[in-house]
Amino acid sequence: MKEPVSIPEKDSLQLMLDIFAQAAKLPVGLYEKQDGEYVGIFSKENPSLYEAYCRYIQKLPNGKEMCDADEKKRACRAKEKGDEGLTLCHAGIYNYTAPIVLDGDVKGVLLYGELRLAEEDKQKESLERHREAVSRLGLNEEQAKKLEMLLAKTKVYSESEFEMLQATLPRVAEWFYQTFDTERKRVQNIEKITHEIQTRIQSILNAENLLLEFDELKKGALKEGIHEIINSAEALATVVNNLGKFQREYRFRKQRIQTLLVESKRIYGAEAKRKGIDVEINLSPVNGDTPRLEISREHLQLALNNLMHNAIKYSFRGRQGRERFVRIRGRQEGVFYSIAFENYGIGILDDEIEKRLVFEENYQGRLTHGEYRTGSGKGLFFVQQVIKRHQGTIDVFSKQMSQERFPEGQPHLIRFVVKLPFNQSDTSPRE
Amino acid sequence: MKKIAWIEDDTDIIDLVVRPLERSGYQITRFHTIKEALDNMESIRQCDLVLLDLIIPPGDTDEKFGDYPGIYLLRTFRQAYQMKQPVIVLSVVADLKTFDELKEMDAVVENKPILPSKLKLLVDEVLGIEE
C-alpha cells in the first residue's frame with residue numbers, strides 16, 4: 001500500500017491533523033498524489049468528530065467507495081485549479097478544500113469540515129445532492145428516511161463561522177511541508193558533501209599503489225605519485241574549507257595573481273589531464289609587468305581553486321576529439337584587474353544569473369542538478385564571500401552554443417568574471 | 001582474462017583504484033553516464049562483473065533516473081536484461097531503504113573510499129578467484 005510521504009513525515013502530518021481535528025472539532029483528510037494516484041491520511045477515527053450521516057453512508061453497500069472516489073475527485077480538482085474553497089460532496093456535505101502549495105508545487109490537498117452551511121441557498125444545494133445520493137445508493141424508504149434524519153442532525157456552520165477556520169490549517173500544513181523540504185534538502189546536501197569528500201579521500205587512498213609497486217617504480221614516477229597525493233589532499237582541503245567558516249585572518253599583501261592561478265592549475269592538473277582538458281592561463285601585463293594585486297593569499301587561493309575546479313568538473317564532455325578547455329584570461333580595467341574563467345559546460349539559467357542564486361549557500365544550479373548531483377552548493381558561496389572581502393565583484397555569464405557547432409549536445413559557454421582592485425585602498429566596499 | 005564493466009563518472013579523479021585489478025590481468029571498460037551504459041548493454045552483458053557507482057550523471061538524455069541513477073541501472077540489468085553476473089556497488093549508500101533494495105537485487109555493497117588492494121581482493125572473492 002502506498003504511504004503518503006515518508007514515515008517520520010507521515011507521523012508528523014498525522015499529529016498535525018489530529019491536533020487540528022480536536023481543536024476545531026472537525027474531521028480532516030490530507031491527500032497527496034503519488035504515481036498518478038491519490039493517497040490520503042485522515043484525522044484519527046473519533047465518533048464525536050465524524051458525522052453520523054457520513055458514517056451511515058460509508059456502511060452502505062458501495063457507500064465507502066463512492067465517498068472515497070468523490071473526495072479524490074475534489075482533491076484532484078483543487079490540485080489542478082490551485083484554489084482554496086468550499087466544495088460540496090456527492091451526498092450534500094460541505095468541506096473546505098485547500099491545496100498546499102510550496103514554491104509553486106502542490107504538495108497535497110487538505111479536505112476538512114463535514115458539515116452543512118446555514119445559508120438558505122447552501123441548505124437547498126445540500127438537500128438536492130442528498131437526494132441524488134439516496135437514488136444512486138438505491139436506498140429503500142426506511143434507509144432514506146433514516147439518512148434524511150441524520151442529515152438534519154449534521155452540524156451547521158454559517159459561512160462566516162467557517163471562514164474563521166479556513167486560514168488556519170492550510171498555513172500550518174504549509175509550514176510542515178516547508179520543514180520537510182528543508183530537512184530533505186539538508187540530508188541531500190550532506191550526501192553530496194560526503195560524496196565529494198569521499199571521492200577526494202579515494203584519490204588519496206589510491207596512493208597505496210605507490211607502495212604496492214614501490215620496487216618497480218622509478219624516481220620520476222614516485223615523485224609524480226607523491227605530487228598527486230599532495231594535490232589530492234589540497235583538493236580535499238578546498239572542499240572541507242568550503243564547509244565551515246574560514247576563520248583565518250585576512251592578511252592583505254601585494255602578490256602576483258599568476259602564481260595563485262598556476263597553483264590552482266597544479267592542484268587540478270592531473271584531473272584535467274585525465275579529462276583531456278587544457279587549462280590555459282593568459283594574463284595581460286600591467287605596465288609591462290605581471291599583475292600584482294593586494295590580496296589575502298590563503299583566502300583567494302581557495303576561491304580560485306573553487307573556480308578552477310568547477311570549470312573542470314562541469315566541463316562539457318562532448319564527442320570524442322571535442323576540444324575541451326578552461327581558459328583563464330586577465331586584463332586591467334581601471335583600478336581593477338579582471339580575471340575571466342571560461343569553459344564549455346553545463347548552463348546556468350537566466351533567473352539564476354539575475355537573482356545571483358548560484359552564489360547562495362546550498363544552492364545547486366537547476367541544470368547541474370540533473371547532470372551532476374554531487375556539487376556541495378558551498379563553493380561559489382565561499383568564493384563570493386572572499387571576493388567581497390577583497391572589495392571585488394564576481395559575475396557569471398552563460399550562453400548556449402548552437403546545434404550547428406555542437407551537434408552532440410548544446411553546451412553553454414560559461415564565464416565567471418572576478419574583478420579585484422589592485423589596492424585595497426583604491427575603492428570603497430562594493431556589493 | 002576476466003572482464004569488468006566499471007560505471008563511474010569520477011574516473012578522472014579515482015581511476016587508480018582499479019590499477020591492481022588491471023595489473024593482475026583484469027580488462028576494465030569504463031562507462032561514465034547512464035546513457036553510455038544503456039547504449040552498451042550488450043558489451044556490459046559480456047562482462048564477468050560490474051562495478052557500479054550509484055550517483056552518476058544521466059548523460060545526453062532528458063530521461064530522469066531518480067535520486068540514485070545507479071539503482072535504475074541495476075534494475076535494468078536484473079529485470080530487463082536478466083543479467084545474473086555479480087555487481088559490486090561501490091558508492092555511498094546513505095539510507096537503509098536503498099541498501100535493502102540493492103541487497104534484494106543481489107548486489108555486493110561496498111563503501112567508497114576503499115584501498116585499491118582491498119577492491120582487488122573483493123573482486124577476486126566475488127568471482128571466486130583464489131590468490
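Is K112(B) buried or exposed, and what is the relative accessible area of this residue?

Guide: K112(B) is buried, with a relative accessible area of 2%. Here buried means under 20% relative accessible area, exposed means over 50%, and partly exposed is in between, with a 1.4 Å probe and protein chains only. The model is predicted, and local features need pLDDT of at least 70, side-chain atom pairs count only at pLDDT 80 or more, and totals for chains, interfaces and linings use all residues. Residues are numbered from 1 along each chain as its sequence is written, chains are lettered from A and ligands numbered from 1 in the order in which they are written, and side-chain values use heavy atoms, with hydrogens and water left out.

The side chain of K112(B) meets that of D53(B) in a salt bridge, at 3.8 Å from N to O. The term salt bridge stands for a side-chain nitrogen of Lys or Arg within 4 Å of a carboxyl oxygen of Asp or Glu. D53(B) is in the loop between β3 (49-52) and α5 (69-80) of chain B, while K112(B) is in the loop between β5 (107-111) and α7 (116-127) of chain B, so the pair ties together parts that are 59 residues apart in sequence. Such helices (H or I, at least four residues) and strands (E, at least two) are DSSP runs, numbered from the N terminus. D53(B) also counts as buried, at 1% relative accessibility. Elsewhere, E213(A), E216(A), R19(B) and R23(B) are joined into one network by salt bridges that share partners.

The backbone beside K112(B) deserves attention as well. A cis peptide bond, with omega about 0 degrees, links K112(B) to P113(B). P113(B) has its place in the loop between β5 and α7 of chain B.

By the rule for salt bridges, the count over all chains comes to 32. In one of them, R19(B) pairs with E213(A), and the closest N and O atoms are 2.6 Å apart. This pair crosses between chains: R19(B) belongs to helix α2 (residues 19-23) of chain B, and E213(A) to the loop between α8 (208-212) and α9 (219-243) of chain A. R19(B) is partly exposed, at a relative accessible area of 31%, whereas E213(A) is buried, at 4% relative accessibility.

Chain A has a salt bridge between E228(A) and R274(A), in which the closest N and O atoms are 3.1 Å apart. Because E228(A) is in helix α9 and R274(A) in helix α10 (residues 257-275) of chain A, the pair ties together parts that are 46 residues apart in sequence. E228(A) has a relative accessible area of 18% and is therefore buried. R274(A), at 35% relative accessibility, counts as partly exposed.

Beyond helix α10 comes a loop that holds I277(A), between α10 and β8 (278-283) of chain A. I277(A) counts as buried, with 5% relative accessibility. C-alpha to C-alpha, I277(A) and S376(A) are 22 Å apart in space, and in sequence they are 99 residues apart.

Two loop residues of chain A have a positive phi. N287(A), although it is not a glycine, has a phi of about 50 degrees; N287(A) is in the loop between β8 and β9 (292-296). At 77% relative accessibility, N287(A) counts as exposed. Q391(A), likewise a residue other than glycine, has a positive phi near 60 degrees. Q391(A) is in the loop between α14 (379-389) and β12, and at 13% relative accessibility counts as buried.

Strand β12 (residues 393-400) of chain A pairs with β13(A) in the antiparallel sense, over 8 bridges. Two strands are said to pair if DSSP finds at least two bridges between them. One such contact sets D395(A) against V417(A), its bridge partner in β13(A). Strand β11 (residues 336-345) of chain A also pairs with β13(A) in the antiparallel sense, over 10 bridges. There, E342(A) has R415(A) as its bridge partner in β13(A). Strand β13 itself (residues 412-421) is mostly covered, with 8 of its 10 residues buried.
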